[in-house]
Amino acid sequence: MEELSQIRQKIYLLNQKRWKLLEIIMGSGKLLTASFYERMTRCGNPNCKCASGELHGPFPWIYQNRKGEKLISTSCVADKVEDARQFSENYKIFKENWAQIKSLDEEINGLVTRIQSLNEVDAKEFIKKVGEKRGRKRKQSEEGTKGQKN
Ligand SMILES: [Zn+2]
């Protein structure tokens, strides 16, 4: 059972990592489930400086999509820029840690599956072998039941 003790050790270490990630997630603070970034823009006026590459900005910008659908893409209100920056960063860290937890879970599940196959006993060991005769008494009572139904 050398492999079992290696698996036990692996699961222990993975679970320690998992717990650290969970602690980060539990203390994540407020989450802005959107991207926050500084955006440079072109106004469209051909005589403006931006037409020759000197863009306007930077403007604090909020971009949010969900399941591929763009929900928000607009400038952030001035008095909330620092919160938006912080909460969006919190969410980025939250997502990264959660993704790592999911991948650790997959790894742990694989090891649990391996424990099952290493420890599994054949259920057939607990039943009568094929061709082994049943007790005479039981057979009679089964036939009796059959008879009553008919
Ligand atoms: Zn311009």
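Mentor: Gladly; we'll go from the overall fold to the metal site, the hairpin and a helix. Keep in mind that this is a predicted model.

Trainee: What makes up the fold, and in which pattern along the sequence?

Mentor: The protein has three helices and three strands, and read along the sequence they follow α-β-β-β-α-α. Buried residues make up 19% of its 150 residues.

Trainee: Which atoms are the protein donors of the zinc ion?

Mentor: They are Cys43 (SG), Cys48 (SG), Cys50 (SG) and His56 (NE2), at 1.9 to 2.4 Å from the ion. Donors have to lie within 2.8 Å of the metal, so these four qualify. Along the chain their spacing reads C-x4-C-x1-C-x5-H.

Trainee: Why is the arrangement of the four donor atoms called tetrahedral?

Mentor: Four donors count as tetrahedral if all angles lie between 85 and 135 degrees. Around this zinc ion the angles are 101 to 119°, so the arrangement is tetrahedral.

Trainee: Is Cys48 buried or exposed, and how do you know?

Mentor: Buried means under 20% relative accessible area. Cys48 has 18%, so Cys48 counts as buried. Cys50, with a relative accessible area of 1%, is buried too.

Trainee: Why is His56 called partly exposed?

Mentor: Partly exposed covers what lies between buried, under 20%, and exposed, over 50%. His56 has 22%, so partly exposed is the label for His56.

Trainee: How do you know that strands E2 and E3 pair?

Mentor: Pairing asks for at least two bridges. E2 (residues 56–66) and E3 (residues 69–75) have six, in the antiparallel sense, so they count as a pair. Asn65, for instance, stands opposite Lys70 in E3.

Trainee: What lies between the two strands of the hairpin?

Mentor: Two residues separate E2 and E3, and Lys67 in that turn has a positive phi of about 50°.

Trainee: Which residues of H1 are buried, and what covers them?

Mentor: Leu4, Ile7, Ile11, Leu14, Leu21 and Ile25 are the buried ones. What covers them includes helix H2 (81–119).

Notes
Residues numbered from 1 in each chain as written. Predicted model: local features only at pLDDT ≥ 70, side-chain atom pairs only at ≥ 80, totals over all residues. Heavy atoms only, no water. Helix = DSSP H or I, 4+ residues; strand = E, 2+ residues; numbered from the N terminus. Donors = N, O, S within 2.8 Å, 3.2 Å for Na, K, Ca; no water. Tetrahedral: all angles 85-135°; square planar, octahedral: opposite > 155°, others 65-115°. Buried < 20%, exposed > 50% of the residue type's maximum accessible area, 1.4 Å probe, protein only. Contact = heavy atoms within 4.5 Å.
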